[in-house]
Amino acid sequence: SQASFEEDGPKQPAVGHWKTLMPSKGSKEEPETGCQDAGGVDESQSTEQLNVSRLRSSSVEIREKGSEFLKEELHKAQKELKLKDKECERLSKVREQLEQELEELTASLFEEAHKMVREANTKQAASEKQLREARGKIDMLQAEVTALKTLVITSTPSSPNRDLHPQLQSPSKAVFRKGHGRNKSTSSAMVSATSQNVTPEPVSHECKEVDSILFAEFQAWKESPTLDKSCSFLDRIYREDVGPCLDFTKQELSELVRVAVEQNTLTIEPVASQTLPVVKVSAEECSGPKKCALSGLPRTCKHRIMLGDSGNYYYISPSCRARITAVCNFFTYIRYIQQGLVRQDVELMYWEVMRLRREMSLAKLGFYPSEM
């Protein structure tokens, strides 16, 4: 047929075939119509087959591409899963390390806390002990101040206290002590340098004149009383009285005695009334009842001293005791002034200081009462 030829072969005009352009009247077109229908059916079937084959090839290509895409996605997912597994493992190790460090830190903190509690308890016990000791010392000092306040503030050159200065009493009523008990330097008796058998001239008959330089230094010190020896008032007394009075042959022990007197930790007690056992120390250090530890000379020692709470006792001669007592009396009086216990005129206090300086001068020259 003409339709099959056109479909199978190249579309070229057939030779010797004429196609009627305009049908004539009365002619029948039925056969031509039937041919055209048969050719159309075949053409549509081939088109459908071609479309089906194309669809089949396209579905195969889609399947192949989809499979490749899914494989790539699966491979990526596996890689990501491996990376996540590694990250989880690393984080697990970090967590374990942090937990271990946290446990160690907690243990160290608890240990440090227990250590601090133990130290605090130890310090609290030591503080309570020091508080009890301090209260005991305060009670003792208050008792000493109460006992000595009346004696000190009522003793002036114009009206001396006769209980404090027994040499001013009449010879028939004069009672000298044959030594004194164990006293700190704050409560040492202010003993006069006058002998028992010599009747001293009354203080009121002495001629006195105030030295302007010394009085000015004392006034400056009185405005702000201190025990610092760098001030001009105490510096002069240290150079002229205290230093020479406490300058003994045994220089090392002399320095210890001076420090104990300044710190108010020196104890003097009579040998005859000792109640405490003597600490075992070398005989050369403490000497003995027949040898003075400060001068090194063979003397009968009626008293001994102890420096602070060391427990070491040193036997001293009467002359050395008089020198130490004179210096202790001076420091006692200026401490009372510093604490505000002496309520007198400035000039009266000045003359009392001069009297104490005179006592130190006499003691360092070797004069001392016979009852020493």
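1. Strands β3 and β4 form a hairpin with five residues between them, strands being DSSP runs of E of at least two residues, numbered from the N terminus. In the turn, Gly308 has a positive phi of about 65°. The model is predicted: local features need pLDDT of at least 70, side-chain atom pairs count only at pLDDT 80 or more, and totals for chains, interfaces and linings use all residues. Residues are numbered from 1 along each chain as its sequence is written, and side-chain values use heavy atoms, with hydrogens and water left out.

2. β3 (residues 303-307) has antiparallel partners: five bridges join β2 (residues 266-270) to β3, and four join β3 to β4 (residues 313-316). Two strands pair if DSSP finds at least two bridges between them. Ile305 is the bridge partner of Ile268 and stands opposite Tyr314 in β4.

3. Five of the five residues of β3 are buried, that is, under 20% relative accessible area with a 1.4 Å probe, protein chains only. In a regular strand the side chains alternate between the two faces of the sheet. In β3, His303, Ile305 and Leu307 point one way, whereas Arg304 and Met306 point the other way.

4. For the protein chain as a whole, 28% of the 372 residues count as buried.

5. The protein chain has eight helices and four strands, helices being DSSP runs of H or I of at least four residues.

Conventions:
Buried means under 20% relative accessible area, exposed over 50%, partly exposed in between (1.4 Å probe, protein chains only).
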